[in-house]
Amino acid sequence: MERFRTRTALLALTAASGLLLTACGGSADSGGSKAADRPEYGAGEPAPAHGDEDGTSERDDLREDPDHLSTFALDVDTASYDYARRALADGRLPDPSTVRPEEFVNSFRQDYDRPDGDGFSVTVDGARTDDEDWSLVRVGLATRTTERSGERPPAALTFVIDVSGSMDEPGRLDLAKESLSVMTDRLRDEDSVALVTFSDEAETVLPMTRLDGNRDQIQDAVSDLDTQDSTNLGAGVETGYETAVEGLREGATNRVVLVSDALANTGDTDADAILERIAGERREHGITLFGVGVGSDYGDALMERLADKGDGHTVYVSDPGEAHKVFSEQLPRNVDLTARDAKAQVAFDPETVEEFHLVGYDNRRVADEDFRDDRVDGGEVGPGHTVTALYAVRTEPGAEGHLATATVRWLDPETRDPHEETGDLETDALHGSLRAAPSRFQVTAVAAYFADALRSRDDRHDRLPGAPAGFGELADRARVLSDTTKDGAVRELARAIEQADRQRD
């Protein structure tokens with residue numbers, strides 16, 4: 001555990017936590033005290049110094065900032081995990097730079113309580129590990145489910161399809177065409193779609209068109225897609241947003257869906273430069289970006305940055321089953337938004353917490369003082385989602401009492417009014433061990449351990465608290481959990497860990 005004992009707590013204080021469309025209302029395992037009821041210390045404001053009378057602390061060498069706050073924008077990306085699975089299936093370990101632990105953690109179903117209405121529920125729980133005084137703490141956020149598809153407003157979706165030469169590989173453009181065709185059948189009559197293609201240039205091949213009475217026309221446009229030349233992704237995104245603005249529908253959910261291997265090689269190839277060109281349309285009209293990555297050779301970093309800064313999220317698909325799930329199930333069901341600019345802040349009690357570290361969310365960090373500054377960009381979250389943030393937490397020896405308060409803040413998508421919910425955790429609510437924790441908590445831990453091991457590529461690397469000795473032991477845990485949960489996604493996790501174990505040999 002040397003890594004955690006010697007690194008500063010700022011790694012967590014500034015770390016971005018929280019992910020995906022979850023949110024909250026205190027869990028049954030959580031304590032009942034609210035940060036707002038503690039005048040000396042609360043979420044959203046700095047905690048007092050914890051040390052000697054002269055203001056110094058024996059742990060000053062561990063922290064650059066002792067305020068015990070961790071603030072981040074919510075994020076629901078899962079592309080990193082799915083792309084890692086593709087690499088392992090192809091017989092290679094994923095590049096460590098493409099492994100984002102929060103996307104591994106958020107790829108699995110959780111059992112958080114759902115809120116009755118719009119907004120979030122907040123669940124905070126934890127379990128002690130075999131490493132002395134170290135625990136794993138889980139912050140779970142969840143939004144309401146979509147019980148009836150008719151509850152959502154109409155959707156206006158502009159599909160921006162990469163038809164460059166690299167998309168000619170099996171499992172790229174053909175997968176996109178099949179997926180779009182299936183999705184067209186699943187959308188409602190009052191929904192609308194537009195179609196933009198790009199290679200060396202971009203072209204609007206279908207303006208915004210209602211599905212009612214026009215499904216055959218839309219299907220013909222999809223079937224006519226064919227690969228061409230180089231990849232001018234910047235032109236595709238710019239034309240896509242222009243088309244979305246031209247077809248903008250008031251009262252509808254307006255979204256750009258980018259389907260690409262993100263291997264930009266012509267025109268603007270930098271995410272910031274591309275986004276600057278469409279910044280006005282993005283801010284003025286609230287159009288969100290949904291990135292769908294394809295291909296064994298995939299520009300993960302570019303797609304992820306585009307989605308983060310484009311108020312959206314990314315997924316990665318490598319086979320028809322995954323594509324069907326994304327286009328015919330997830331996208332039609334979740335085109336609506338529950339929250340805009342959602343942020344989370346976790347306040348760890350300095351009386352009980354020695355240090356802490358957020359797992360992942362490296363590029364979603366928000367300054368603590370910006371938590372309630374609604375001008376600062378957060379994450380966009382839809383109905384039926386959960387977001388999980390996992391922390392490694394070192395408690396004071398023998399500590400008892402309040403451990404942490406998690407607060408989520410978001411804006412209503414229509415009125416832009418701010419809302420907040422909180423959840424708390426007491427030390428006596430920590431499970432005595434990881435194996436004593438609920439199965440979904442254990443799955444979260446295994447996913448985080450897997451990502452941590454893939455990032456390290458070094459057997460001497462100090463793992464997260466409680467980490468198994470190697471991939472083999474981790475795979476054993478995943479197999480047991482797959483039997484316990486009867487969850488196919490957990491079985492796939494066990495299979496991916498086994499593949500990593502073989503590649504490491």
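Biologist: What should I know before I start?

Modeller: The model is predicted: local features need pLDDT of at least 70, side-chain atom pairs count only at pLDDT 80 or more, and totals for chains, interfaces and linings use all residues. Residues are numbered from 1 along each chain as its sequence is written, and side-chain values use heavy atoms, with hydrogens and water left out.

Biologist: How are helices and strands named?

Modeller: They are DSSP runs, numbered from the N terminus: helices are H or I with at least four residues, strands are E with at least two.

Biologist: How do I read a sheet?

Modeller: Strands of a sheet pair through backbone hydrogen bonds, either parallel or antiparallel. Here two strands pair if DSSP finds at least two bridges between them.

Biologist: How many bridges join β8 to β9, and do they run parallel or antiparallel?

Modeller: Four bridges, and the two strands run parallel. G293 stands opposite Y316 in β9.

Biologist: Which strand is joined to β1?

Modeller: Strand β10 (residues 339-348) is joined to β1 by five bridges, and the two run antiparallel. F72 stands opposite A344 in β10.

Biologist: Is β1 covered on one face or both?

Modeller: First the term. Buried means under 20% relative accessible area, exposed over 50%, and partly exposed in between, using a 1.4 Å probe and protein chains only. Both faces of β1 are covered. L69, T71 and A73 are buried on one side, S70 and F72 on the other. That makes five buried residues of five in β1.

Biologist: How do I describe two packed helices?

Modeller: Two packed helices are described by the angle between their axes and the distance between the axes. Axes are lines fitted to C-alpha atoms, for helices over the stretch in contact, and angles run from 0 to 180 degrees between N-to-C directions. Take α5 (residues 173-186) and α6 (residues 215-223): they pack at about 170 degrees, with axes 9 Å apart. So α5 is roughly antiparallel to α6. The cut-offs are under 35 degrees for roughly parallel, over 145 for roughly antiparallel, 65 to 115 for roughly perpendicular, and oblique for the rest.

Biologist: Which residues make the contact?

Modeller: Contact means heavy atoms within 4.5 Å. From α5 come K177, L180, S181, T184 and D185; from α6 come R215, I218, Q219, V222 and S223. They divide into three nonpolar, four polar and three charged. Ala, Val, Leu, Ile, Met, Phe, Trp, Tyr, Cys and Pro count as nonpolar, Asp, Glu, Lys and Arg as charged, and the others, Gly among them, as polar.

Biologist: Why is α10 described as largely enclosed?

Modeller: Seven of the ten residues of α10 (residues 300-309) are buried, so the rest of the structure largely encloses this helix. The buried residues are D300, L302, M303, E304, L306, A307 and D308. Their cover includes α4 (101-105), α7 (233-246) and β7 (253-260).

Biologist: How do I read phi?

Modeller: Most residues other than glycine have a negative phi, and most peptide bonds are trans. D341 is not a glycine, yet has a positive phi of about 50 degrees. D341 lies in strand β10 and is buried, at 14% relative accessible area. Y361 has a positive phi near 60 degrees. Y361 sits in the loop between β11 (353-358) and β12 (379-381), and is buried at 1% relative accessibility.
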